[in-house]
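Student: I have a structure open and would like to learn how to read it. Could you take me through some of its features, one at a time?

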Amino acid sequence: MFTAALGILRFTDIYMRLHASGKAGTGGTISILAGVLIRVGLHQISGKILLIMIFILFTGPIVAHSIGRAAHVHSGATDNVPFHDVATKDKEDGGDEDVD
Amino acid sequence: MSLLTAVSVILLFIAILASYRLFLGPTIYDRLVSLNVVGVIISIILILISVETDLGLYLDIALSFVLLDFVGTIAMVKYLEGGEFV
């Protein structure tokens, strides 16, 4: 979770921030909840913790994908051009680096 | 201070660190990413409180918090993306 927060804080692009939060955030959440589940053991509340864990495991990639798709559509790329060509074209044009 | 309380305090500082982009993000999508991560961290803190105090009420709150976080993020993304609202 700390690497996810650090990535969101320090990376310079929306796609890099999605990379940080999409994998490190989801993996850290699953790990913390698995540790809590092992610590609690077979209890009344362990089923709900397992349910929240599975829900976050499924919805993290969905949210990351939809935010990335919306950012890609918002950046003005047409449907015929794949993302890779748009990225390299931006880089050849000098790019629009986010100096922050 | 038990282990779960220490983890909760660390997660609170991580949430404050991640909410930097929520206030100062250059685009709206940075704010959305940060909002999603902060919501997940807050739900983990709620789960830790529930285990620490042995109250099952906080677990229901955490479950509904995760659900509303997901639905809210998807709704905002669909609104910003434009087009037909599925």
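Predicted model: local features only at pLDDT ≥ 70, side-chain atom pairs only at ≥ 80, totals over all residues.

Student: How far does helix α4 of chain B reach from its first C-alpha to its last?

Tutor: Here you compare the end-to-end distance with the one expected at 1.5 Å a residue. Helix α4 of chain B covers residues 57–81, which is 25 residues, and reaches 36 Å, close to the 36 Å expected. After α4(B) comes B:Gly82, with a positive phi near 80°.

Student: Now I'd like to compare two helices. How are packed helices described?

Tutor: Two packed helices are described by the angle between their axes and by the distance between those axes. In this model, the axes of α3(A) and α4(B) come within 10 Å and cross at roughly 15°. Angles under 35 degrees count as roughly parallel, and α3(A) and α4(B) are therefore roughly parallel to each other. Their crossing is left-handed.

Student: Which residues make the contact between α3(A) and α4(B)?

Tutor: From α3(A), they include A:Leu51, A:Phe55, A:Ile67 and A:Ala70. From α4(B), B:Leu59, B:Val66, B:Phe70 and B:Val77 are among them. By class, the residues of this contact divide into 16 nonpolar, four polar and two charged.

Student: Let's step back to the two chains. How many residues does each chain bring to the contact?

Tutor: Chain B brings 33 residues and chain A brings 34. On the chain B side, α1 (3–18), α2 (20–24), α3 and α4 each supply at least two residues. The largest share of that side, 14 residues, comes from α3(B). Sorted by class, the side of chain B that touches chain A has 24 nonpolar, six polar and three charged residues.

Student: Could we zoom in on one residue? Why does B:Tyr29 count as buried?

Tutor: B:Tyr29 counts as buried because it has 23 C-beta neighbours inside 10 Å, and the cut-off is 20 or more. B:Tyr29 lies in helix α3 of chain B, residues 28–53. Leaving out residues up to four places away in sequence, B:Tyr29 touches A:Ile14, A:Ile67, A:Ala70 and A:Ala71. Within its own chain, B:Tyr29 and B:Leu80 are 51 residues apart, and their C-alpha atoms are separated by 9.3 Å.

Student: And chain A as a whole: how many helices and strands are there?

Tutor: Chain A has four helices and zero strands. Of its 100 residues, 28% count as buried.

Student: What covers the buried residues of α2(A)?

Tutor: The cover includes α1 (2–10) and α3 of chain A, together with α3 of chain B. Among the buried residues of α2(A) are A:Ile14, A:Leu18, A:Gly25 and A:Val36. You can check the length of this helix too: the 27 residues of α2(A), residues 14–40, should span 39 Å at 1.5 Å a residue, and the end C-alpha atoms are 38 Å apart, which agrees. Just after α2(A), A:Gly41 takes a positive phi of about 80°.

Key: Residues numbered from 1 in each chain as written. Chains lettered and ligands numbered in written order. Buried ≥ 20, exposed ≤ 12 C-beta atoms within 10 Å, placed from the backbone. Contact = placed C-beta atoms within 7 Å. Expected span 1.5 Å × (residues − 1). Nonpolar A, V, L, I, M, F, W, Y, C, P; charged D, E, K, R; others polar. Axes fitted to C-alpha atoms, helices over the stretch in contact; angles between N-to-C directions. Parallel < 35°, antiparallel > 145°, perpendicular 65-115°, else oblique. Left-handed = near helix turned anticlockwise from the far one by under 90°.
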